[in-house]
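User: Could you take a close look at one part of this model for me? I'd like one connected walk-through.

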Amino acid sequence: MEEPLIPVVPMSHTAHIRSHRKPRPRSSSALAMRAGVAGGVLGTLAVAGAAGTANAAEPVTQTIELPTLTADMTAQVAESAEVTQQAAADYQLRAERDAAATKAAKQAKSDLADAKKKAEAKEKAEAARKDAAERATRSAGRTTLTTASTAASSDAVAPSSGSVATVISFLKAQVGDAYVMGATGPDAWDCSSLVQAAFKQVGVDLPRVSQDQSVSGTPVSLSNIQVGDILYWGGAGSAYHVGVYLGGDQYLDAANPSKGVVIQSLSGYPASGAVRVL
């Protein structure tokens, strides 16, 4: 007995592979959500299109605020410039004040230094004045003693009538000789050695230095001087130079290294005082 034939149905080559994705049931809520999303997107596109159309229709609305912004910016720039200018002016004012203060400080320092120098000079002058007064007092006492001694000597040995002429003759013979400090002749002299040598010719012994010669003899005023009187410069007892009066407002002395022994005028170099020994 023949077996019945089983029909063969062709199968796909993937039919034997099971799908990993399970079919999901499409509920009504999911479908509604999808519809809402799609509607929202379409609504947004519609609004954007409408806005674009409106903007295209009214382009002026985009530039309405520009003039206002430009004016505000101009005002801000002007205000900033004004502030900067004011700051510069304040800085310059401070600089000028600082410079003035510095200058005033320097001037005050200079004035203080000048005042100090003047005070020191005044103190020195006052000290010199006191010293001169003390020396004058001592000289006055010494003059009194010397005058008395000279008067006694003159009474003992009176000079001859030609003594003054002899002194003057000797002095004139030395005109042209050199001046050398400390020299005592015969061709070089200083002021006091020449006066000493001249009066020695008539037997009058005078001290060696001008300080002592200025108080050796009888003091006479310059308005009463006579030929042969000894002239001195400086204080009595502190004289720094001596010479002999020749008459006619002239005197003879060993002046200095540049002049030597010369005859000069009292009007050009007035003496401080005079003494008489003849």
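User: Which residues lie nearest the centre of the second largest pocket, and how many residues line it?

Analyst: A quick note on ground rules: this is a predicted model, where local features need pLDDT of at least 70 and side-chain atom pairs count only at pLDDT 80 or more, while totals for chains, interfaces and linings use all residues. Residues are numbered from 1 along each chain as its sequence is written, and side-chain values use heavy atoms, with hydrogens and water left out.

On to the pocket: 18 residues line it, and Tyr179, Met181, Cys191, Tyr240 and His241 lie nearest its centre. (A pocket is an open set of points on a 1 Å grid over the protein atoms alone, where a 1.4 Å probe fits, with protein on both sides within 12 Å along at least five of seven lines; lining residues have an atom within 4 Å of a point.) Strand E5 (238-247) gives the most to that lining, with three residues; helices H4 (191-200) and H5 (210-213) each supply at least two. Helices (H or I, at least four residues) and strands (E, at least two) are DSSP runs, numbered from the N terminus.

E5 itself is largely enclosed by the rest of the structure, because eight of its ten residues are buried, meaning under 20% relative accessible area with a 1.4 Å probe, protein chains only. On the E6 side, tyrosine 245 stands opposite tyrosine 251.

Technical notes:
Buried < 20%, exposed > 50% of the residue type's maximum accessible area, 1.4 Å probe, protein only. Pairing = 2+ DSSP bridges.
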